[in-house]
Amino acid sequence: MEQQNPIIQLKNLGKQFKTSNGTVTALDDINLDIYPGEIFGIIGLSGAGKSTLVRCINYLETPTSGSVIFEGVNLGGKGQAVIRQARRSMGMIFQQFNLLSQRNVLQNVCFPMELSGTPKKEAVKRAQELLTMVGLEDRMKAYPAQLSGGQKQRVAIARAMATNPKVLLCDEATSALDPNTTKQILELLKRINKEMGVTVIVITHEMSVIEAICDRVAIIDQSHIAEAGKVSEIFSNPKTAIGRQLILGDAARQVALGKDRQLRIIFDGRESSEPVISNLVLACKTPVNIMYAETRDVGGTAMGQMLIQIPEDETEARRIINYLKTIKVTFEEVR
Amino acid sequence: MTWDSTTVNMLLLGIGETLFMVFASSLLAYIIGIPLGIILVVTDVDGIKPIPVLQKILGLVINLLRSVPFIILLLVMLPVTRAIVGTTLGAKAIIPPLVAAAAPYIARMVESSFKEVDAGVIEAAQSMGATTWQIIWKVLLPEAKPSLLVGAAISITTILGYSAMAGFVGGGGLGSIAINYGYYRYETEMMFVTVIILVVIVQIIQETWMKLSKVSDKRIR
């Protein structure tokens with residue numbers, strides 16, 4: 001994938017807002033390469049700047065420094081016509097769906113094609129195909145007020161895909177939905193990515209969304225990219241405090257609770273058939289206390305993590321650490 | 001007063017004149033007010049095409065016009081009316097001052113209706129590469145339609161109220177009947193009758209436009 005030229009490049013991107021309380025830096029020195037066909041996640045806590053970042057990609061927000069390069073063209077300093085053309089190649093969906101309330105489902109999907117001047121007959125045909133793809137072929141005459149949240153997001157996805165975009169920007173697209181509906185929408189996004197070859201950029205504050213569909217992820221914290229890389233790599237070895245916080249999730253709270261030495265053991269699928277903990281206890285002849293454990297589906301592999309409390313005694317602790325090293329299990333010490 | 005054919009004809013003529021004044025000036029005031037309202041919203045600092053200087057100046061002019069009492073506006077507009085209509089008497093002559101009073105009012109009503117349109121929907125249209133014109137025509141106007149119709153119910157009935165003042169400067173309609181017969185000639189009964197007719201007209205206009213708004217609004221299940 002990396003041999004290809006990136007479809008979107010962000011270079012030293014910065015965005016500052018002038019408010020009555022002075023200048024606020026929303027983004028600072030953001031560098032990212034996004035490749036065609038991948039699902040790229042951008043995760044951060046609220047206020048980290050991720051929504052501003054996605055709006056800079058399609059120039060809904062004009063960056064104050066650096067550049068956005070889309071398919072080799074720097075969007076900076078270009079006229080409105082160029083920006084509009086670029087936007088038509090980038091569909092966008094939102095947390096609040098943002099459907100036109102006075103238009104029915106079919107008319108909503110036809111809307112972007114109306115804007116770009118597609119003949120009506122052709123537009124209706126394409127809209128019907130898209131609505132069939134998202135599973136709403138029987139709700140074409142319904143108005144947004146008559147639909148559930150998940151259905152509204154499906155309409156929004158069909159609408160975003162109407163102009164055959166190369167990129168789909170998803171701004172917290174599942175944050176207003178329940179877990180079950182979230183799963184269905186994520187599956188739909190994955191299908192669109194696979195079947196139509198659309199590059200998907202997902203903005204979220206939920207690690208579970210990243211784990212479910214993303215190939216690569218960038219963690220954004222306090223206007224900066226804290227770390228970026230393959231989801232499985234970031235998951236098994238987060239290098240920054242924010243990365244750890246986002247990945248550990250509930251477990252992070254456990255870490256804060258305990259004062260003892262703790263180890264975080266990462267299972268990347270290979271070890272799941274082996275009774276690692278039992279073998280550890282038998283080999284080291286030392287009891288360990290399991291504080292937290294979970295298994296997640298990260299990009300198709302079962303990734304697990306476990307927090308164990310190890311004895312205060314230095315020799316016993318070292319014995320455990322050495323054992324883990326010899327059986328080549330990924331682990332790290334957390335305090 | 002007696003209910004002979006002269007009185008009935010006079011009242012019918014009055015109703016006709018009032019409706020003519022109100023609807024003609026409402027139409028003209030909307031033709032001027034809608035574009036002004038659009039300019040107010042679109043050129044606002046956080047609008048889709050910010051031109052803050054223009055927005056501020058326009059807002060100021062609208063406020064100035066709105067603060068002039070209608071009865072004064074009637075007198076000030078006399079030369080303008082004579083130039084446009086050719087006379088300062090009758091129902092036609094009241095239309096220019098009514099439009100001058102109503103247009104800035106309507107501009108503000110339209111502005112507030114447009115501001116109700118969800119900013120997210122406008123952003124979505126922008127993300128699809130919509131031009132400013134396309135956003136005005138295909139997003140702002142259709143999405144604001146139910147609210148614009150509610151605003152029209154309020155605006156038209158307000159214009160009806162203003163039109164009743166026309167009697168003082170020799171305009172026509174029910175207002176001048178109420179003033180000429182009811183007030184100057186002490187025919188209280190005539191005053192009551194005209195007022196009741198005005199109340200009925202207000203009711204009909206209000207209910208009709210509210211109904212139009214409700215029927216056109218797709219947000220209701």
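How many residues does the contact take from chain B, and how many from chain A? In this predicted model, chain B contributes 21 residues to the contact and chain A contributes 20 residues. On the side of chain B that touches chain A, the elements giving two or more residues are α6 (119–127) and α7 (132–163) of chain B. By residue class, this side of chain B comprises seven nonpolar, six polar and eight charged residues. The model has an ipTM of 0.86 and a pTM of 0.85. For chain B, the mean pLDDT is 91, with 99% of its residues at 70 or more.

Chain A contains 12 helices and 14 strands. Along the principal axes, the C-alpha atoms of chain A occupy a box of roughly 75 × 50 × 40 Å. Of the 335 residues in chain A, 41% are buried. Among contacts in chain A with a separation of 6 or more, 68% are between residues 24 or more positions apart.

Within chain B, two helix pairs that share α2(B) were examined. Helix packing is described in general by the angle between the two axes and the distance between them. In the pair formed by helix α1 (residues 5–42) of chain B and helix α2 (residues 52–67) of chain B, the axes come within 9 Å and cross at roughly 135°. An angle over 145 degrees would count as roughly antiparallel; α1(B) and α2(B) are therefore oblique to each other. The crossing of α1(B) past α2(B) is left-handed. In this pair, α1(B) supplies Leu36(B), Ile39(B) and Leu40(B), which meet Gln55(B), Leu58(B) and Gly59(B) of α2(B). The residues of this contact are four nonpolar and two polar, with no charged residue.

The second pair consists of α2(B) and helix α5 (residues 95–115) of chain B, whose axes come within 9 Å and cross at roughly 130°. This angle makes α2(B) oblique to α5(B). The crossing of α2(B) and α5(B) is left-handed. From α2(B), the residues in contact are Ile62(B), Leu65(B) and Arg66(B), and these meet Ala100(B), Pro104(B), Tyr105(B), Ala107(B) and Arg108(B) in α5(B). The contact of α2(B) with α5(B) divides into six nonpolar and two charged residues, with no polar residue.

Definitions and conventions
Residues are numbered from 1 along each chain as its sequence is written. Chains are lettered from A and ligands numbered from 1 in the order in which they are written. This is a predicted model: local features need pLDDT of at least 70, side-chain atom pairs count only at pLDDT 80 or more; totals for chains, interfaces and linings use all residues. Axes are lines fitted to C-alpha atoms, for helices over the stretch in contact, and angles run from 0 to 180 degrees between N-to-C directions. Helices (H or I, at least four residues) and strands (E, at least two) are DSSP runs, numbered from the N terminus. Angles under 35 degrees count as roughly parallel, over 145 as roughly antiparallel, 65 to 115 as roughly perpendicular and the rest as oblique. A crossing is left-handed if the near helix is turned anticlockwise from the far one by less than a right angle, and right-handed if clockwise. Two residues are in contact if their C-beta atoms, placed from the backbone, lie within 7 Å. Ala, Val, Leu, Ile, Met, Phe, Trp, Tyr, Cys and Pro count as nonpolar, Asp, Glu, Lys and Arg as charged, and the others, Gly among them, as polar. pLDDT is the predictor's confidence in each residue, from 0 to 100. A residue is buried if 20 or more other C-beta atoms lie within 10 Å of its own, exposed if 12 or fewer, and partly exposed in between; C-beta atoms are placed from the backbone.
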